[in-house]
Every structure is written in structure tokens, then in C-alpha cells.
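I opened the model to look up a few items and wrote them down as I went. The entries follow the order of looking.

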Amino acid sequence: MTAVAVPLGGFAVVEWLKKQRWWLTRVLALPVHLFFFSVGVFFLVRMIPGDPVAVLTGGQNVSAEKIQQIRESLGLSGGLLSQFGNYLRDIVSLDFGDSMMNGLSVWGELSQRLPETVELAVIAMVISSALTLVMGLTAVLKPKSLLARILVPYARTAGAVPDFVLGVLAIFVFYTTFHLLPAPSGLADPTMTAAPRVTGFPLLDALFAGDTALFGSICAHLILPVAVLVIANTPLLLKIFLRALEESIDAPPTAFRIASGASRKTVLLSVARRAAPSAVAMLGTLFGFMLGGVVVVEQLFAMPGMGLYGVNAVNTSDRPALQGFLILVAAISLLVFLLVDLINMVLDPRRRPGLAKEGS
Amino acid sequence: MFAKRVLIAAAVAAMSTAVISACSGSSSSKGSAGSGGAVVVVTPDTSWTWALDNGFGGLEPSMNVVGATLIRNPYKDTGTNGVLAQNVSDYEPYLAKSWEVSADNKTVTFHLADAVSQQGNPLTSDDVIWSWERRFGAPTSISPSIQNPQITSLDQFKKIDDKTFTVTLDQPGHLSTFFGLIANVTAYIYDSKYLKAHVTSDDPYAVKFTTTNPNYGFGPYTVTNFQPGVTATLTANDKFVLGAPKIKTIIYKIVPDEGTRLNLLKSGDADVALNLSPSDMASLKTTDGTALLTAPDPNSYIMMPLLGNKAPFDKTLVRQAMAYAVPYDQIINDVFHGQAFRKSSAFLRSDAPGYDGSGFTDFKYDPAKAKELLAQAGVSLPVKFALHVSAAEPDMQEAAVQIQSFAKDAGFDITIEQVPASAFGEGRTNHTFQAFLLLDYSITLTPSYELNVYTALNPDGSPAGNNLGAWVNKDFVAAKAKADSTVTDPYTPEAGKAWNAAERIFINEAPIVMIAQIQPTTAFRSDLKGITWRSDQWIDWGQASKG
Amino acid sequence: MTATISMSKEKLTAPKRKVSLRRILATAWSWAPVYPVAVVFLIAVIGPWIVPLSPIDVAGPTNQSPGGAFHFGTDSTGLDVFSRTIAAARNDILIATLTSAIATTAGILLGLLIGMNESRRGLLGWVARFLVRVLDLLQAVPAVVIALALVAVVGTSVISLTVAMAIILTPNQARMVRTEVLKVRTDAYIDAARMAGERGFALTLRHVLPNASWPALENASLVFGAAILITATLGFLGVGLHPPTPEWGSMISTGASDAAVGRWWSFVFPAIALVIAVASFAMAGQRLFKRRAG
């Protein structure tokens, strides 16, 4: 019996695997892409001019043997191939080494800063998506209304005003002039103690600790940075959504629904549903813009995130820090793209690979 | 059907959130610090490191934690805003309660005070000697080069008993600089009992251990909370050897944007703001509730090295012409808004006893004279070169623009090259630029050290890393060696003449144009008293009080 | 006038269109979205010649508010903000135009190469599929991050910034062209051409290229805007063109600190100029490259 059962069981597993191929292959491809990206990062980082040893010694009169000693302890000696070999070995075991400037573990610092950056980007994206949904539907349903007349040109300006311009304006108006919002001095009031670390996301941690004062302070400090990100990036999403909505309204299925006497609500839902996938696809790119915007916002609002870490790493030619930063950012972006693709493929089965369709 | 799909999508999103938080590292928080009565300091990100002997990163907070030295310079009230300034020509007890100098001026005997470390270990001679072992043994330590030639080997240290030890120098001429060195950053004393317990084969001097464990010394404060790149909280150490500090809690916050730091100070959300721009410092003069940290004789200089290892500044006449082409007044007034001054072309501290300030060329902005010198040198006009500045220093960029504009009339055609900090550091150390601008200061301020810091040569005669002008001059080397070997007390009139003989050559040959002395860039709320000016530009919080 | 079709020996003619003032004005109005861009280009070209003061030399006392000799005031170095804002147009527009041109051209070529060869066996096919992955990766990482790393390597001259921007912005163009190529390949007229004897390269050039390029061209104005914005962001982060070269982003960056303490002019004017330039390009792009018929 077992002689037949095993191959039969194995056969069933293989069949199941084949059915799930559409998402399995995507998920498995991720580490491979990341690996190739890491290789690229290695060479890119090495091409950056600037000698970290010179920054480390602060220009002091250091003897040649001492410089060689420092070089060895930083892992900078040895030929390119041996350095590359060490690098590959470390990457695969997720060892990003220590920052050359302050000696702290790169992964340690990045993993602390990552949730804060992601929290900022995610909040901004959620608000942006919600706003887009509302604004898009309003503009299409009531095309003659005042709101629509404002929104459509706003969408067209997609990205004309850069986020750092908005940020400086916001600080100038809301803090310097009117003192309406707290100082851009970081995540929360400097004299408050941080909540014990449960998830790593500051807001959630404050919630879990039941520290309402801290929670309120974090929210107050988040208002401006999130607002800046949302205002700067929503037009792009809105533009895509509006276009998709218009196409969806003109599409045959909508006409069919209307003709068959469906209620207004049903028609709306079906229109939105068909417009959703292209907007969801845009979310991935939007996240990329958000991450880029977060780098700027962190600088302006003193938010302790990954953006500042990256800028510092570039300025000090801190190779391990820069490598870790680039790889982590790529990993997050690829992950988000993967998630967006998966969500889209769940929402709209026609998009699954292996089915006949046009283009990508 | 659709709803089910939406649910699946939402579940995927939620799981990814969980994945990301699972990847979060562990906190390095050490518990909570008290609020109320705390002093908040806002600073740019200067790559703090607690681990000394690991390069030369931003060390201000660590000075207050681990920065206990054997002796230190005494503080004098400047009479303005309660600011205390170091008297760099004198020393008082710190971890050493007394010391004697032998008759031949080569051996010093130290008697240690009854100090207790932050970990509770009493101070012994073993701590002192092991601290030097670590300084000389750790691969990333740069102290050996700084303490050369005064301290070159551990054999110079001898333990007499747990509270007494001696240091023997090669020459009596090294004595004054030896005292200067052991009062400052390269001579902190560590708690060797604590560190030895954490030595590993990878980390034979616990350097890596100290990057995340900052309380390994005898200083006035302990670190009770630390988030790299974000904040650090210092809490007063009541067992401090010189008495418990009056301010109990200090919170350092990193705020990268300069304008934000200024706003926080003005609104009272911060008590001290570091690294403000000169124009903002000047604007604070008329703001109520704030005060500037002003030094009677600041040791920060804006300097312009003119490298002698390549054209056009390999000719002395061209360098001197450039010294006449710098718009000193415009830089002081328009770039530094009066937060700088220029007493003369000279460099050594003019408030030192016995100082001799004669014989220096008085370089002023004089385009006609500059052109005359260029004609003498036989070079064709305009003289073209690239002036490098670091992207991390906006004041230097502004000064460069002033120099570029005004040096045109003197026959110089300047291109400004702004490079990132690391490339700047490399070019500076390897002498690859033609000329550059930087703001720098020497921490040890004895005449012998100051004369050496920007002119040192490697054993093979080539310019050392910090020899900014890549300058090699036999006469200067001879004059300096003569002064070093004959002078025992650096602050007598005879000594002043000897230093002057060397300094004259340095200033008149103009390998570096000393443009102006720059006031500190720190401002604070006026209810803080006892803010210190020190030669290392850091605040000694043990001296401060609030209200 | 009505058309006349008659069976007589008269020629078949369409009605003559009246050249009326109304007609001219209507045409002029329909081209209105392009005018701002023309002005911007004009300023970019002649800017440095018409400015009242030198944009790179110290012009007067620092931090003067707008008025008098300094229309837009002076910044913290004593440079005239008005002259610099006008002169900066040339640098920013130059970088953006070059980037747009390079990214669009390279994108079209790459997209063609990939799209036509993706499903082939053999070396070309592998290369094409590999390139798709590379493009995906490049698009995954945020533009600013790539720009930071690239600029750290190549430096900050006009050429190197253009190269960095082009590298960042080509993948999207290539992707869009590739998608279109995949669609066009299966169209009937391609088959017709093939049957008529056209092959390979000539086929691609004559038939696929014109029909598949339009998404990239339509997008060119957005690429333009993105190039200016990323350059400005780099300038803001401190890695822009050398001082005192006028460039809107670095002016905004140095002006930002001033604005935080109340000196709004060195920040507001370059910011407005930047927004106007980007918006007018987007507007013009929409008008010029609007897709003809669905």
C-alpha cells in the first residue's frame, strides 16, 4: 500500500505546487534578485571615491604602519577578489558587519531604524490611498462640482511641487510663524522616555505600553511629515486612478450592468473594482517615491530613520553601512512590489502568470 | 467571492507587517531617565562613538562619561553669561591629587586620588597603565601618533604602588607638552578591572565592547539611555571624585537641520544648541533668554593651506601673494557676522606668558601688493587653481565664494570644488589638493605642540598626514628642534623668543594662511550657568548649573 | 459654403476655409499650454545674459530682503537671488532636457531590443530576459537612493548628474516601450509586412518603432519633471552642483535654513521657479503628445 501511497501523495503535492506556481515562483525569485543586487552593490560601493580610513583618523598624523593596521582591521586590505569572497559569504549569512565610523553593528542600527521609516511610509501610503479613493470617486461621480474642478488639475500637477519644498513651507508656516504644531525635533518630545520595544513601531509600542502622553506626542510630531508626504505624492496616484476610472466607466461590463438595471451602488462598486488593479499596481511605485521622500523628510524633521543613515553613510564613505542600507532598501522595495503584485493577482486572477494575456 | 479575495489580500498585508517587526533588532535602551529639570542639548549627527581608540569620531558626550584625566586645565570665569574658560597654561588635580617633577625635569611622580569608577571599582595605578596599553595596542587607536614623541613606549610608565606611579620622558623639553597631552582627549583613564573582564580574542582591548557599553570610566556622568543616531541620556554620577554635578540629567538629541536647532533653542524647547551658523549666532545676540558661548581667545581657526608640493603654490612668492589676496574683513563680517576676529597673521596663543609677537609679516587684503609679488615670481596672470571645500561645512563654502570674488583683482582665477566629507578627508591627508579651506583647532595648546601639529614630518622626511600645506622647510625644522631641546619652562621670555624664531618662518613662508579665529558655535538659554569653553570645544557638564 | 459634388467637369473640391481672425485666435488658444514652456526655455537660453548682477559673485550685503537693487533680495552669502534664480534655469533645464532626451531614446531602443527578442531562444533571448530583470531591480529601489549612490561615484558636474538621472529614468521608459512592442508584434500589419518580404531589422525599424514609441514620448515631459526634481532633491541633500553654481535645488536647500528663521526670500523664489518649470513642462507634454485616437 505504502509503495503506492507515497508516490500518490508525492504526486498530489506536486500537483498542488503546480497550481500555486503563480505565486510560488514570484516569492522564490525574490532572494535571487536580491543576491544579484548585492553583487551590484559591492562594486558600486567600491567605486565611491573617498577613503574611509582618512575620515576615521580625522586627519591626524598617523604612521603608515598604523594606517595599514587600521585598514586590516576594517577589512579593507587584501585583493578585490578576496574582499568579494568575504562579502558574499557575509551577505548570505546576513552579516552586514560594523559601521566604520562608530563601530556599531550595521544590521543592529538598521533594524532599529527600519520600523520607524516603514511606519512613516505606510501611514502616508494608507492616507494617500484613502484620499485617492474618495477624491477619485467624487471627481468622477460629480464631474461638475467644485471639488472635481479643483481635484482634476491638482492631479495633473502630479509631483510638480517637491516634498522638501512642501516640508520647509510647512515648518515655516505651522511651527515658526503660528506655533500650531510641535517642533520638528524628532519622533516625540525629547524629554519623554521611549516605550519598551515590542514591535519596533513607535506608535504601536506606545499603544501597547498604554502611554497615552507618548502616543499623543508621537502623533503630533507625525502630522507634518505625513502631511508633506501625502500632499506631495497623492496627485500621482489620483491621476492614475482617475484615468483607470474613466476607462472603467466606458468599458462594456459597466454598460452591461447599467443596461441590466443594476442599482447605482452596484454599478459604482463594479467600476471601482475594475479600476482598482491599475491603481494597486501604482502603489508599488508610489511606495518607492514615498521611501525617497522619507529620506528628505527625515532630514527636515529629525526623524530617526533609515534615510538619515543612508545619507550619512554616503557622506562618510562608510562602506558596510552603505552596503547594508542599499541592500535593505532594495529588499523592502522588492518585497513591497511582490506584495502589490500578489494582492493584484488575488484581486484579478487574469493577471496571474501562465495565462494568455497581452503585455506584462 | 470578491470579498474573500480582499480578505486574503489584507491578510497578506498584515502578515508582512508581522514579518517586518519580527526582524526588528533588540533595543539598546538601558532603562528610563528622569524628566523635569533635565537639560536638553540639540546637536547635528557627528557619528558619536563611546569607544575611544576607535578612530576619531564625535566624542562630546563621551568626554563627560569616560573623560576623566589625571590632571586638567583650571576654569576661569569670563564674566559674561556665566561662561567658564579653560586656562590652558596651567594645570590642577583631577584623578591625580598631586604630582612632583624630578630635578632633571624628566620624571613625574603621580599620586592618585580616591576615585571610584562608574562600575564601583576604585582607581589604581593598574588602571592608568592598562589604559595606555590599550591606547598603544588597539589597531584602530590613533593615540600613539598624537603622543609621539613625548610618550612612545609603555616602559616609560612604572608602578610604585596602587596609588603611585611615575612617567619618565626622554628629554626635559617634552615636559610641557606631556602635561598638555595628559590633560586631554588621548589620555582618558579607563576602568581596567571592568574592561579586562570583557576582553575576548577578537577584541583584546574591549574596544568593540565599549561601542555599546559606555560606562567604563571615572567621569561625572553615566549613560542611562542610548539610541544611536537619535539620542543619549546622561545621568549625574554622585560618586564623582570632584563632587556630584549640579545638573542631574542631560539629554542629547540629534537634530540634523541647523534652522530647526535654532528654533528649538529660541522657543525654549532646547537648552543648548550646538553647531549653529554664524549668522544665526549673531542674530541671537538680540534675542531674549539666550546667550552665546564666547571665548576670550578661541583656538578654532579658519585656515587655507596652500600646498607646496605642486604648482602654483610651490613658489613661496605665490603663496605670499595669495596671503595678500584673501578678503579678511569680508570673511569676518559677511561670512561670520562678527563671530570671528583676526588679531594678526600669527598663530601661537598670544595670551601665553612670555609670548613674543614680533617679526611677522602683517598680511592684509592688498591686491596691488599681491600682483607685485606675482610679477616678482615671474608667473603669468591670472594664476589658476582649484580651491577645495568640504560639502559638510557650509561656512567654508561661503568663505570660498568671498575669496574667489575678491582674489580676482589680485590676479587669481579660482574654481571652487566642493567634495563630500570623505573625499575631502582623503585629499587633505594625501596632499592631493592645490589649496583648500577648513576650520580646525588643536586640542593641546602648548607652543611646542601647536608648532608641530600642522608641520610634522614623517621619519623619512615627507610631510605627515596633518601637515596641511605639505611643507618641508629646513630652517623651520632646525629652529623648532632648537626650541624643543633647550626649553624646559615654555612660558618664560627666553622660551617665547625661541618659539618666535620658529613661528616667524612658519607665518612668513605662508604654507597655511591663518585667516581668522572663530568663536564657538554654541548657544544656550541664559538660565544656564557654568557653560565651559574648552580647547576640545566640548562642554564639561560637571561645571554647569541651571537657574 | 457647402461642398459641391457634381457630375460635371468641375473638379471635386472641399470648401475653402475662411482665414478669419476668429480662426487664428482659436488656433493660438489651442496651443496655449505650450507657451509657458517656451518662455521657460527662452529664459534658460538667454538667462545668463539678461541678469542684472552676476549670479556667482558676491553682489552686496548678506540677507537683504527683496526691494531696491535686489529684486529678490540677497542670500546668506551676499549673492543676488533674482540673478541666480534666472541663471539657474539654464543649469536645471539643461540637465533635464539632456536627461529626457537620453532616457527616452535609450528607453525606446532598449524597449525595442527587449520586446523583439524576449521570446527567442539563443543568446539574444537570454540577454533580453536578463535585461528585463535588471530593469525591474533598478525600478525597485527608490530613485533618490540610487541617485545618492551614483552621484557619490561619478561626482556632481552637469554631465555626471545627467548620466545619473538617465540611468535612473531609462528603465521606466524602456518598460513602457517593451509592453507596447509586445502588443504591436502581434498586430495584423506586421504580419502583412512580413508576408510582403520585409524581415528582421528593417521590419522593426519601419513598422514596430513608430508604433511602439509613443508611450515613451508621451512620458517624456514627466521624465523631464522627474529629472529636475531629483536634481533639486540631491542639491537639497547637499550633493548638488558645485557652489556657487546657481541651481534651484541647492538654492532651496540653503534657503530652507534661512526660511526656518524668517528669511523667506532665498527659499520662496527658487521654489516658485522650480514649480513653474515642472508644471509648464507637464502641461506642454500633455498638449503635444496626446494620444491621437484611442
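**Salt bridges**

I counted 19 salt bridges over all chains of the structure; a salt bridge here is a side-chain nitrogen of Lys or Arg within 4 Å of a carboxyl oxygen of Asp or Glu. The model is predicted, so local features need pLDDT of at least 70 and side-chain atom pairs count only at pLDDT 80 or more, while totals for chains, interfaces and linings use all residues. Residues are numbered from 1 along each chain as its sequence is written, chains are lettered from A and ligands numbered from 1 in the order in which they are written, and side-chain values use heavy atoms, with hydrogens and water left out.

I looked up one pair: B:Asp540 and B:Arg72 form a salt bridge at 3.8 Å, N to O. The two residues are 468 residues apart, with B:Asp540 in the loop between strand 24 (532-533) and strand 25 (545-546) of chain B and B:Arg72 in strand 2 (residues 71-72) of chain B. Helices (H or I, at least four residues) and strands (E, at least two) are DSSP runs, numbered from the N terminus.

**Backbone of chain B**

I noted for reference that most residues other than glycine have a negative phi, and most peptide bonds are trans. I found a cis peptide bond from B:Asn148 to B:Pro149, with omega near 5 degrees. B:Pro149 sits in the loop between helix 4 (143-147) and strand 8 (157-161) of chain B. The bond from B:Leu381 to B:Pro382 is also cis, with omega near -10 degrees, and B:Pro382 lies in the loop between helix 12 (367-377) and strand 17 (383-390) of chain B. B:Asn105 has a positive phi, near 60 degrees, and is in the loop between strand 6 (96-101) and strand 7 (107-112) of chain B.

**Chain A**

I counted 14 helices and zero strands in chain A. Its C-alpha atoms fill a box of roughly 85 × 80 × 40 Å along the principal axes.

How do helix 11 and helix 12 of chain A pack? Helix 11 (residues 252-259) and helix 12 (residues 264-301) of chain A are at an angle of about 170 degrees, with axes 10 Å apart; axes are lines fitted to C-alpha atoms, for helices over the stretch in contact, and angles run from 0 to 180 degrees between N-to-C directions. The two helices are therefore roughly antiparallel (under 35 degrees counts as roughly parallel, over 145 as roughly antiparallel, 65 to 115 as roughly perpendicular and the rest as oblique). Residues in the contact (heavy atoms within 4.5 Å) include A:Arg257 of helix 11 and A:Arg274 of helix 12 of chain A.

**Chain A against chain C**

I then took helix 14 (residues 319-347) of chain A and helix 4 (residues 122-140) of chain C, which pack at about 105 degrees with axes 9 Å apart. That angle makes the pair roughly perpendicular. A:Ser333, A:Leu334 and A:Phe337 of helix 14 of chain A meet C:Leu137, C:Gln139 and C:Ala140 of helix 4 of chain C.
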